[in-house]
Structure formats: structure tokens, C-alpha cells
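Colleague: Hi! Could you walk me through this one? I'm new to it.
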Amino acid sequence: TEEPSKSPTKKKKTKKAKSAAPPAEDEPAVETKSNKKKKKKSKNSNNKNNGNNNNNNNSKENDANNTSQPEPEKPTPPPQQQQQQWQPPQDDDDGWGVVVDKRKKKGNKPKAAPISAGAPAPTAADTVMIDAKKVGIIIGPKGATMKAIEEATGCKLDVNAPARDAPVPANLPNKTLKASVKLSGTTEAIQKARTAIQELERKGYASILQSDNFGEFSISVHPRCLSEIVGPGGKVIQALQTNCDVKISIPPTDWKPNTPPGMVQMCKVGIAGSKENSRTAKGVLQSLVEFHHHELTHPGMIHETVYVPNEFFHCVIGSKGSEMKHIRGNYKVDVYMPNHDSKTQDVLVVGKKSNVDRAITHITNLMDRDSEVKEKKYDDSFY
């Protein structure tokens, strides 16, 4: 290896100033131009040396500080920013796993419209046929019953009834006109509305329109007593339902007055309402069946019994019921003769107290008069 040749350094020749003689102690020193230049050069060199020394000292202090102070630890990212670590799959799929990227992908695919929770259910339609005479019960006063059914079931009702004076077709079974009720709504709502309409037609009330304390009860009565429960123009049953706050249902019957006693089938009168009100209504019905009146349905009325032997029945009834009509018309009372279905075997007189007393006096006179006639007929002195 060849050594690199050293370039000869040129030595600058500096002119040495001639040393001047030192000034005397008493005389002041006189500065020359050469001395001024030397002072300036020496000051500049001193300033440069001081700056270099300061820089070196600062660099050393920084190095010492860097070596003495430990590096601050980097803050750990929050758990949300940490990268998702891969976990081995639990299922036996030959070591392969699927990593789901939870980041949202930007795409231009149209989003499907969300289905609202309150979207209406599909509707259906149905029709219920009822007796035209029961349309008023379905509609109710000013449409109140029909509105109540719509609110309770969520089904819409549309009643189509024939005219009142519409002729009845000859081929119509039972010669009964029919009215149609159109139902529209969900399948469940239609079923509830159908049940309510059928109950109103058959019983006169609907269970869905009643309160939670609602109950159904019944009482067995003779078919003859149904007219007593209904009353003239329905006044008795209306007063019973209003005062007791219940619903009374009268069943249909084919009973006739000449039906043999052993062939009579008892009827069940329905009572619907709260337990307390139904118990009160049942007591009223029993009073109507036994005594043909009650204070709630016949205010101010009383009843009295008169013992009349069987041989004097003709006195009270008269020829073709003439005497019975006379008593009812003149004394404003009702007279009931006993029969095998009666609770008592005495003659029952119902009416105002003063009228009942007068009627009983008249019945007693009729029996006395008939007894006198019989005594004269069989008295020997008469001949």
C-alpha cells in the first residue's frame, strides 16, 4: 500500500513588529496604529474562543441531561383503539377462522327502508247475518253500542238493514228478515266483533263490553212467567235492568197454555252483571214469579192471599171469566188463581192496598152469597 503523499504546508510569514521601547513611568503610553490592530484581533479571537467554549459546554450539559433523564414511556392506546387480536376458532374447521372486519364499508348500494313498528296489520273482511228485529240492539242508543264494539275490538262495523215495511219473501225460512253487518279489520278483531254481535243478538249484551267484575247467572222459571218478567210494553224488564244495573235475557219458547203439565220445559232467564247486582236481580225475579210484583218493578204494590175452597172457584172466575174481569176492572187489581205450579194454593190479589182490601171484601161476599144459595137450595123449610 502506498502512503498518501503529504502536501507540504506553507507557512505564512508574519511580519514581526519591531518592539518599541517601553514608555516611561511618568509619560503616558501612546497607541500606534499597529497596536490598535493587534488589540482588535486579540479581542475577536477571545470572543470566538469564548463562544466555542460555551457551545461545547452546552452540548456537554445536554448530553449529560439526556443520559441522566430516562426516556418517557409512550402512552398505551385505549382499549377501543387497540388492534383486534386474532383468536383461534372454537369450531373444528381445520385451523381456519373468519375474522370479521367491523369497520363500515363505504358503498353505493341503496339501503332498504326500515319497517316501522306501528305498521298496520293486513286487513280482512267478513259478514254476519242477524235478525232484522235485533238491529236496534246492535246499534244502541245513538250508535253507542256499535261504537263501543268498534273501540273494544278494533274492527269497523257497517250495518245494512232492510226497511221496516219491507215485504217478507214467501220462500224465506221462518219468515224472518235478515240484516247484514259487514266487518273489516284484522282476523282477531273480526272474531271478537263477531262474538260480540252474536251475544247481543242472543242475550242482549256482550261480555267484551262489560267490566272486570262481570258475571253471568240464570234462574229457571215456568214459561208462563216470561210475560210477567217482560211486562206490558217491556216496562217491567226495563225497570229491572235499570234499577239493578244488569242485563236480562229472555229465551225463546214454544210453550202454549194447553200444554200438559208433564210436557212443560222450564226456561232459563239469564242475568248478567256484577255479583251483588245479579243477586239483587235474582231476588226480584223470584218475587215476580211467586207474587207477580216487586217494589223495584211495581212500586206501591202489595199482595194478599185469600183462602177460597175449590167449590167456590166458579164464584171468583164467573161464567167464561166474567167475574174475574169485573174484579180487575172495578178494583184495579190482579187476581191469580192457584194451579199446580203455584207456590201457594190460595187466591192471590195484587194491587194498591186500598184496592186490594176492597177486592178481597168482594171475593168474600161472592163466596157468602153462593153459600146462601146452596143452603136455600137444600133447606127443607124452603119447600
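Colleague: Which way do α6 and α7 cross?
Modeller: In this predicted model, α6 passes α7 in a right-handed crossing, where the near helix is turned clockwise from the far one by less than a right angle. Helices here are DSSP runs (H or I, at least four residues), numbered from the N terminus.

Colleague: And at what angle do they pack?
Modeller: About 150°, with the axes of α6 (residues 235–244) and α7 (residues 275–291) 9 Å apart. Axes are lines fitted to C-alpha atoms over the stretch in contact, and angles run from 0 to 180 degrees between N-to-C directions. That makes α6 roughly antiparallel to α7, a term for angles over 145 degrees.

Colleague: Which residues in α6 meet α7?
Modeller: V236, L240 and C244, and their partners in α7 include N277, A281 and L288. Contact means heavy atoms within 4.5 Å.

Colleague: Switching topic, what sits over the ring of F312?
Modeller: The charged end of K374, 4.9 Å from the ring centre. The rule asks for NZ of Lys or CZ of Arg within 6 Å of the centre and within 35 degrees of the ring normal.

Colleague: How do α3 and α4 cross, left-handed or right-handed?
Modeller: Right-handed. T145, I149 and T153 in α3 meet residues of α4, among them K192 and L200.

Key:
Residues numbered from 1 in each chain as written. Predicted model: local features only at pLDDT ≥ 70, side-chain atom pairs only at ≥ 80, totals over all residues. Heavy atoms only, no water. Helix = DSSP H or I, 4+ residues; strand = E, 2+ residues; numbered from the N terminus. Parallel < 35°, antiparallel > 145°, perpendicular 65-115°, else oblique.
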